[in-house]
Amino acid sequence: MTRPLRFAMVALVLVNLGFVHITEAARLLWMLPLIGLTVASPWLVRFGRHLAYRSFWNLGVMGAFALLVHHFTSRGSAYLLEDGLLLAALCQVHLLNNAGARQKPDLLFFNSFLIAVVTSFLSLDVAYSLMFALYVPVLVVALQLLALHRAGVAAEPGLAVRVVRQGLLRGAVVLGVTLAAFALMPRDFRRKGVLAGSWTLKPPGGMEVGFNPTIDFRRKGRVTSSDRVVMRIRRVSGNPADVPSYWRGAALVHFDGQQWRPGGRHDARSSELWRRRSRAEMRRLAGRVDAEVEVTIADRRSTSLFAPLRASRLRAPSVYAVRGYPDATLRATLPGQYKSYRVAIANRVRPFGRSGPARPVGRLRTLLDVGPGLPRAGRDLADRLAAGLEPGASQHRLVETMRAHLFQNYRYLPPGSDDGAHDLRDFFGGKPAGHCEIFATALTLMLRRAGVPARVVTGYCSTEWDDEQTVLTVRARHAHAWVEALDPKARWYTVDATPAADEGAMTAGAGWIERARAWAAGLWSRVVGFNSSTQAKVGAWLGALPGRVLRALRASPLTTALGLAALVALLVVARRARRRGIPAATRRYRAALRRFGVALRPGETPRMLLARLQLADSQRTVLEAVTAEHEQGRYASARVR
Amino acid sequence: MDGVPRNGVGVAADLAADVRARLGTVVVVPPEVVESILVALLAGGHVLIEGIPGTGKTLLARALARILGLSLHRIQFTNDLMPSDIVGSSVWRPGAERFDFIPGPIFSEMVLADEINRTSPRTLSCLLEAMEAGTVSVEGTPHRLPEPFFVMATRNPIEFHGTFPVPEAALDRFLARVTVGYTTPEQEIQLYLGDDPKRALEGLDAALTRDALLEHRTAAQQVAVSTPVATYAYQVAAATRHDESVALGASPRAAMSWLRAARARAYLHARDYVLPDDLQALAQPVLAHRVFQTGGGDASELIARIVESTPVEL
Amino acid sequence: MSSRIRPTALGVKALAFFVLLTVVFFAASYSNLFFLLLVFAGALAVLNIAWTSANLRGVTAEVVSLEPVPAGATPVLQARIDPGHRPRVALEVELELEGKRRLAAPVAYAHEPADVAGCLPALSRGVYRVVAARVSSVWPLGLLRASRVLEAPGELVVYPEPAGASDATGGIGALAGDAGGETRGQPAELREFRPGDELRNVHWRATARRGVPVVLEWEGAGGSGHEVVLDRRAEPEPFERALSLLSALVVAARDEKEPLTLHTQDLSATFGPGHRPWPELLRVLAAAQPLPAAAPAPPLTSPSVLRLPEAIA
C-alpha cells in the first residue's frame with residue numbers, strides 16, 4: 001500500500017475517532033490508546049505478517065465485543081448505539097493496523113461512513129458539523145488515493161500532492177452540492193419511520209449524568225459534569241425574555257426520607273397544563289401566547305420531554321406519542337430517537353380554571369406532607385422562620401423568606417463533593433452545603449411544614465443563549481432541581497433556593513471564542529432543526545436573491561456605479577491573477593502569436609519558431625521585433641546571476 | 001535583434017568571428033564544435049573531443065593555441081604513461097645539493113591530452129585532479145598551474161583494444177564533449193587543395209593576448225540568468241532524472257555547468273543575458289556525457305528527445 | 001465512440017451499502033443529519049459519474065502491439081495513450097482475454113502522449129481470443145470505471161516454450177543440422193564486414209589484401225532451409241515436447257532468416273522470408289492439438305526429413 005494512501009486512511013480513522021469522541025461514548029482516557037494506535041499504524045502494520053500480532057488484534061476486538069455484550073446484558077439496551085460506535089471505532093483501528101495485502105481497505109471506508117451516521121443520532125453538538133466538514137475532504141482524498149492504488153500505479157510524491165490538492169477541491173465541491181441539496185430538496189420532515197415504533201430502547205436504570213427523573217439520596221458516587229448538548233431550544237417567535245430558563249422534566253411529590261417519587265392522580269386538579277380545554281379556552285389562550293419555541297432533544301436515554309412551567313400548548317409530531325401528565329410534565333413513549341416539538345409559552349395567562357381561595361387542605365394533603373424526611377433541626381428552622389414573620393404576611397413573603405435564608409446561609413457544592421451534605425440530616429446538622437437536590441428538598445419540606453403546598457421539580461436550567469438570542473443551548477451540566485409552590489390562587493410558581501445554580505450558564509458569552517462558538521452552535525441548530533418552514537424560507541430567500549441584487553443595483557445611480565465598479569474590479573483581479581509575474585513584453589509576444597495564428601511547439605524557443613515559420617517580410621519584421629522585446633523583457637531582467 | 005551589448009560583449013562577438021575565420025584557414029571544423037570549445041574556454045572549463053583519428057584534432061588544438069596566444073603542450077596518453085610524466089618530477093642536483101622540480105608538460109596554458117582512454121586510471125586521475133583544482137601537488141608541494149589552464153582531451157570511441165574505460169566521474173570534469181567527424185566532401189576537397197596545414201599554422205598569428213582572454217572570462221560570467229531560464233534548466237535536468245531509461249540523470253552540478261556554459265555562449269553572441277536557445281544549443285555537448293543510460297550507450301538521443309519535449313515557458 | 005460507465009467491485013459494494021443505509025433511513029423516523037449524510041453519499045455518486053466520464057473524455061488510445069509470446073513468458077501489451085488537451089490521472093488500456101484474464105497497461109499521470117506497457121502472468125500454450133479491448137479509468141474515486149472500446153488484435157498467440165538452451169542446445173543444433181544440409185553451401189561473394197557477422201566468416205586473405213575486414217558470404221547456407229514433419233498422432237506428453245522442440249527450431253530459423261517447411265496433418269507449408277509469415281506458423285504451433293492414433297498420417301516426405309516426435313523418442 002502506498003504511503004500517501006496509508007496516511008489518508010490514518011486521517012480518516014482519526015476523524016472517525018473524533019466523531020466517537022463528540023458523542024462521549026467513551027472517556028478521553030479510553031480514546032487515547034486508540035488514537036495512539038492509529039497514529040502508530042504506519043509503523044505497526046509491518047508486524048502484520050506475524051500470527052501473534054494478528055491474533056493479538058483479533059483477541060482484542062473479540063474481548064471488546066464480549067465486554068460490550070456484558071454491558072448490554074447488565075445495563076440494558078440504552079447504550080447500544082454508543083457501545084456499537086465504540087466497537088466500530090475499535091474495528092477501524094484494527095483494520096488500519098492490519099491493512100495489507102490480504103486485508104482490503106474497503107471495509108474501513110464503509111465503516112467510517114457508518115460511524116458518521118451513528119454519530120448523527122447521538123450528537124447535535126456543533127462539533128459534529130466540524131467533524132463532518134473535516135470528514136468530507138478526507139474521505140474524498142482517501143478514495144482518490146485508493147483508486148490510484150487499485151489502478152496499480154505508484155503515486156510518487158509529486159502526483160500525491162496533486163491528488164491531495166484535487167481531492168480537497170473535490171471535497172469542497174461535494175460539500176457545496178450536499179448542502180445545496182440538503183437545503184433545497186423537498187422531503188417529509190415529519191415522516192414516521194416504518195420500523196420506528198417497534199424499535200424501542202428501554203431507558204437505563206441507575207445513576208446517570210445529567211437529568212434525573214427521580215431523586216434518590218441513597219445514590220452515591222462521582223458525578224461528572226458534561227458539556228454534552230442535550231437540548232436546543234430555538235425561539236420561533238416572541239422575546240427572549242419570555243422564554244424561561246427553567247425547563248421541567250419531572251415533578252416529584254412523595255418523599256420518604258431518602259427518595260422522591262412523582263405524584264399520583266390526586267393532584268390532577270392542581271395542574272394548569274395539558275388538560276383538555278374547551279375550544280373557547282384554546283382561542284382565548286392562542287391570543288395570549290408570548291413566545292413559541294422549537295425544542296430538539298438529543299438525550300436519547302430519557303423519555304422525559306422538557307417544557308417550562310408556563311407552557312400553554314404543545315405541538316409535537318404525532319409519531320412521538322407525547323403525553324402530557326397532570327403535573328405539567330411530558331413523557332414520550334418512544335425513547336431512542338431525538339425528538340423535536342414546539343411549545344407555546346404564555347407567561348401572562350391568568351391561572352386556568354376557577355380562581356379563588358386555595359383548595360381545602362385535605363385535597364392537597366400530599367403536597368403538604370412533610371413525612372419523616374425533615375429532621376428536627378429543619379422543622380425548627382421552618383417554624384422559627386415562619387414565626388418570625390408578621391401575622392398575616394402573604395404566602396409569597398413566607399416563601400421568599402425561607403428561600404432567602406437557605407440562599408444566603410447555605411453554600412452550594414457540586415454533586416458528589418465530599419464536603420457537601422448527602423442528606424438533610426447533614427445539611428441541617430454540621431454541613432451547611434450541598435447540591436441543588438438537597439436545597440430543593442430542604443426548601444420543599446420547610447415550605448410544607450409551614451403550610452405551603454410545594455413540590456420538587458427536576459429538569460434543566462440554562463441561560464446559554466447564542467448571540468442573537470435565538471437558540472438556547474442546554475447541556476448536561478445544566479441539569480438542576482428546584483421547587484415549585486402553589487399559591488392561594490391555585491397557580492404554581494418557581495422558587496429556587498440554590499445559590500449560584502446557574503453559575504455555569506452565566507459564563508457563556510464571555511470572550512469572542514465563546515461568542516463564535518455560540519454563533520456556530522446557533523447556525524448548526526438550524527441545520528439540525530431544519531424543517532419545512534426553514535426550507536421554505538431558504539428557498540424564498542434564494543429565489544428572491546437575484547431580484548434583490550438587481551433592485552439594489554437599480555435603486556440609485558450610485559449603487560449601479562458601485563456594482564459595475566465591483567464587477568470590473570473582479571475582472572481585473574482575475575486577469576491579473578492569471579498573468580501574475582509575466583512581463584508586458586511577453587504578453588505582447590503571446591498576442592502576436594495569436595494574431596498570426598501560430599503556436600510554439602514543446603521545446604521550441606521563439607527564435608526557432610522564427611526560423612520555422614514562412615512569413616511575409618512585413619510579418620517577419622513584426623514578429624522579430626516582438627520576439628526581441630520579449631527576450632529582453634523576460635530574460636534580461638536577472639533575478640539570479 | 002540581440003540585446004544591447006554591454007562593455008566587452010560586442011568585442012567578444014567580433015572576436016569569436018575572428019577566431020573562427022582564422023581557424024578556417026588551417027583546419028576544417030564544424031562551427032558548433034568551435035563554438036563549444038570557445039564556450040568551454042570562456043566558462044573556465046575543459047573539453048573532451050571524441051572522434052576518429054585524422055580529423056584534425058591536434059591541428060585544431062595547435063591552431064587555437066596560436067590564435068589565442070597560449071602555450072601548448074601535447075601529452076600522448078599511453079598505457080605506460082606515469083603520473084610523473086605529466087606533472088613532472090624532482091631531480092637531484094649534485095652541484096647544488098638539492099632537489100629541483102622539473103615541471104611536466106601539464107604546466108602549460110593549454111594542454112592537448114591525446115587519447116586519454118589509453119592510460120591507466122591512476123595516470124588519468126592525476127590529470128583530472130589538475131583540471132579540477134588548478135594546482136598540482138608533487139611530493140607535498142603544491143604547484144599552481146598557469147592561468148588560464150585549458151585542457152583539450154581526445155578520446156577515440158572506435159578502438160577498444162588496449163583501452164581503459166573512462167570513469168563516469170571523470171567525464172563530469174569536462175564541461176563539454178564534442179564529436180568531430182568527417183567534414184562535407186566539398187570542404188574536404190578544399191582542404192586537399194589548400195596550403196599545407198603545417199605551413200598555414202606557421203602563418204597564424206595571435207588574435208588576442210592571455211590577459212585579454214582572462215578579462216573576457218571574467219566578463220562572460222557576469223552575463224545574467226533570469227528565473228525562467230534557470231527554471232527551464234531545472235526542468236530539463238529533472239526530466240533526465242525521471243526518464244525510465246536513465247540510470248543516473250543530470251546532477252545539479254551538471255545543470256549549473258550548463259548554465260555557466262550558456263553564459264559564455266550568450267557572451268559570445270553579444271548578449272548580456274542567457275536565452276533558452278543558449279541552453280538548447282549546449283544541451284548535447286554539456287549534458288549528454290553526464291547522463292548515463294541503464295543499458296550503457298550514448299545519451300545524445302535521449303537528451304535530444306527531452307529537449308524537444310520540454311516546453312520553453314514564455 | 002461512446003464511453004461506458006460501470007461500477008467497480010468497490011462501487012458495487014458502495015451501492016449495496018448506500019441502499020442499505022437508505023432502507024435504514026426510511027425505516028427510522030426522519031432525521032436531518034442522517035439525511036445530510038445520505039445526500040452527501042448521493043452527491044458523491046452523481047459527481048463521481050461526471051468526474052469519471054470527464055477524465056476519459058478526449059482521451060485517445062491505441063493498442064500498438066500484442067506480440068506472440070512463448071509459453072512461460074509474460075505476454076506484453078504495448079499501447080499508446082494520448083491524454084488530449086489536459087493532463088489525466090490513472091488511465092489504462094486493458095485487454096480482456098477469454099477465461100476472464102485481464103491484461104492492463106496503466107499510466108499514473110499523463111500530460112502528453114505516453115507509451116504504456118502491461119503484462120500478464122505467464123500463460124500456457126494456446127490461442128487466446130481477445131474478448132474486448134478498452135481504454136478505461138477509475139479516476140477519481142475508484143467507484144466507477146469509465147471505459148471505451150478500442151480496436152485491437154483479435155487474439156493472443158502463446159506458442160510452445162522453445163526447448164531450453166541447457167538441455168537441448170546440442171539437440172537443436174543436431175536437429176537443425178539434420179533438417180538442413182550437411183554442407184554450408186557454396187561460397188557466393190565477398191563483402192565488407194558488418195557488425196553482427198561471425199568472425200569465422202571473415203575471409204582473412206581478402207581482408208589482408210583489401211585492408212578492411214571482408215566477409216565471405218555463403219549462398220544457400222543451411223540449404224533450402226529446415227524441413228520438419230510433425231505427426232500429431234501422439235500422446236500429450238511427447239507431443240508437447242515435440243512442439244517445444246519445434247518451437248525452438250522455428251525461433252532459430254527465424255533468427256537465421258531461413259525458411260522452414262512444416263508437414264503435419266492437414267497442413268504442409270513453408271514459412272519464412274519469401275514464404276508465409278512466421279506468426280502464422282507460431283499460431284499453428286499454439287493451436288496444435290494431438291490427434292487420436294486412428295487419424296491419418298502426415299503427408300509423405302523424404303525419409304531424411306526430421307520427424308517429430310519420433311526423433312526424440
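User: So two strands count as paired when DSSP finds at least two bridges between them. Which residue in strand 13 of chain A is the bridge partner of A:Trp247?

Analyst: The partner is A:Tyr460. Bear in mind that this is a predicted model.

User: How many bridges link strand 3 and strand 13 of chain A, and in which sense do they pair?

Analyst: There are 6 bridges, and the sense is antiparallel. Strand 13 of chain A covers residues 454–461.

User: What about strand 4 of chain A, how many bridges join it to strand 3?

Analyst: Strand 4 of chain A, residues 259–262, is joined to strand 3 by 3 bridges, and the two run antiparallel. In one of these pairings, A:Phe255 has A:Trp260 as its bridge partner.

User: How many residues lie between strand 3 and strand 4 of chain A?

Analyst: The two strands form a hairpin with 3 residues between them. In the turn, A:Gly257 has a positive phi of about 100°.

User: New topic. How many residues do chain A and chain C put into their contact?

Analyst: Chain A gives 43 residues and chain C gives 32 residues.

User: Which element supplies the largest share on the chain A side?

Analyst: Helix 7 of chain A does, with 9 residues. That side divides into 28 nonpolar, 7 polar and 8 charged residues.

User: Where are cis peptide bonds found in chains B and C?

Analyst: In chain B, one joins B:Glu147 and B:Pro148, with omega about -15°. B:Pro148 sits in the loop between strand 7 and strand 8 of chain B. In chain C, one joins C:Trp139 and C:Pro140, with omega about 5°. C:Pro140 is in the loop between strand 8 and strand 9 of chain C.

User: Back to phi. Which residue of chain C has a positive phi although it is not a glycine?

Analyst: C:Ala90, with phi of about 50°. C:Ala90 lies in strand 5 of chain C, residues 88–97. In chain B, B:Ala270 has a positive phi near 60°, and its place is the loop between helix 11 and helix 12 of chain B.

User: Is C:Ala90 buried or exposed? And B:Ala270?

Analyst: The cut-off for buried is 20 or more other C-beta atoms within 10 Å. C:Ala90 has 27 C-beta neighbours inside 10 Å, so it counts as buried. B:Ala270 has 19 other C-beta atoms within 10 Å, so it is partly exposed.

Note on methods
Residues numbered from 1 in each chain as written. Chains lettered and ligands numbered in written order. Predicted model: local features only at pLDDT ≥ 70, side-chain atom pairs only at ≥ 80, totals over all residues. Contact = placed C-beta atoms within 7 Å. Helix = DSSP H or I, 4+ residues; strand = E, 2+ residues; numbered from the N terminus. Nonpolar A, V, L, I, M, F, W, Y, C, P; charged D, E, K, R; others polar. Buried ≥ 20, exposed ≤ 12 C-beta atoms within 10 Å, placed from the backbone.
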